[in-house]
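Here are my notes after going through the model you sent over.

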Amino acid sequence: MMKTRTCKHCDKTKTADLFIKGALKCKSCASVYMKDYYKKNKEKTLAWGRQYYKDHVEEKAAYGKARRKSHPEKSYRVNKNWSDKNPGRTCYYSANYHARKLHRTLLISDEKKILSFYQRAADMTAKKGIPHHVDHIIPLNGKNVSGLHVHWNLQVLTATANLKKGNKYEESNI
C-alpha cells in the first residue's frame, strides 16, 4: 500500500511522492506558493540570484568544465544542437573570431606563408586520415596573453592535440 500524507495547505490527502521531502505542503501547493512569492518579491529574488551567481561563479565554471570533460560526446551533441538551433549566434561567434584574427594580423605578415600552414594541415589530414588543425602557439585571445595571426605564431597539430591545448599558452609549447 502506498504511503499517504495530508497537505497542510489544501487539506487534501495525496501519495507521499507528491510531497517535497520534509515539507508540509504538496508539490502543487508549493509551486503555487513559489510563483506567488516570486511575483511579490521579483526584484529581491533576482538580486539574490545575481549575488549567488557572483559568489559561486568559479564553482559553477569548475563543475561545468568537469562535466564536459567527463561526458565529451554529450557535450559535443549539446553544442551541435545549440549551434543548429541558433544559427545567427553561431555565425556571430564565428565572425567575431575572424574579426579578432584580422585585428591580430600585421600588415607585414606574409599571407602566402600563413596559407601554407592551412594547406599543410589539409594535406596531412588527407594523407594520414587524422584531422589536423592550424594552431596559434600564443592564442589570439588567451586569458593572460594574446598572440598575433602571423606565420611565426602558427603550427600544425593533430586536432586532438590542438583541442587539448585549447586557449592556453605555456612557454614549453614553443
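Predicted model: local features only at pLDDT ≥ 70, side-chain atom pairs only at ≥ 80, totals over all residues.

1. Let's begin with H1 (residues 27–40) and H2 (residues 42–55). How do their axes cross? The angle is roughly 95°, and the axes of H1 and H2 come within 5 Å. Anything from 65 to 115 degrees counts as roughly perpendicular, so H1 and H2 are roughly perpendicular to each other.

2. Which residues meet there? On the H1 side you'll find Tyr37, Tyr38, Lys39 and Lys40, and on the H2 side Lys42, Lys44, Thr45 and Leu46. Sorted by class, the contact of H1 with H2 has four charged residues, three nonpolar and one polar.

3. Lys40 turns up again in a salt bridge with Asp36, where the closest N and O atoms are 3.2 Å apart. Both residues belong to H1, and because they are four residues apart, about one helical turn separates them. The structure holds three salt bridges, and the Lys40 and Asp36 pair is one of them.

4. H3 brings Arg67, Arg68, Lys69 and Ser70 to the contact, while H4 brings Pro72, Lys74 and Ser75. By class, the contact of H3 with H4 has four charged residues, two polar and one nonpolar.

5. H4 (residues 72–85) also meets H5 (residues 87–103): their axes come within 5 Å and cross at roughly 105°. H4 and H5 are therefore roughly perpendicular to each other. Here the contact is made by Trp82, Ser83, Asp84 and Lys85 from H4, together with Pro87, Arg89, Thr90 and Tyr93 from H5. The contact of H4 with H5 divides into three nonpolar, three charged and two polar residues.

6. Last, have a look at the surface. Which residues form a nonpolar patch there? They are Leu106, Ile108, Leu148 and Trp152, with about 410 Å² of accessible area together. Trp152 sits in the loop between strand S3 (132–136) and strand S4 (154–158).

How values were computed: Residues numbered from 1 in each chain as written. Heavy atoms only, no water. Axes fitted to C-alpha atoms, helices over the stretch in contact; angles between N-to-C directions. Helix = DSSP H or I, 4+ residues; strand = E, 2+ residues; numbered from the N terminus. Parallel < 35°, antiparallel > 145°, perpendicular 65-115°, else oblique. Contact = heavy atoms within 4.5 Å. Nonpolar A, V, L, I, M, F, W, Y, C, P; charged D, E, K, R; others polar. Patch = residues over 30% accessible without salt bridge, like charges linked within 9 Å, V, L, I, M, F, W, Y side chains within 5 Å. Areas by Shrake-Rupley, 256 points an atom, 1.4 Å probe, with all protein chains shown as cover. Salt bridge = Lys/Arg side-chain N within 4 Å of Asp/Glu carboxyl O.
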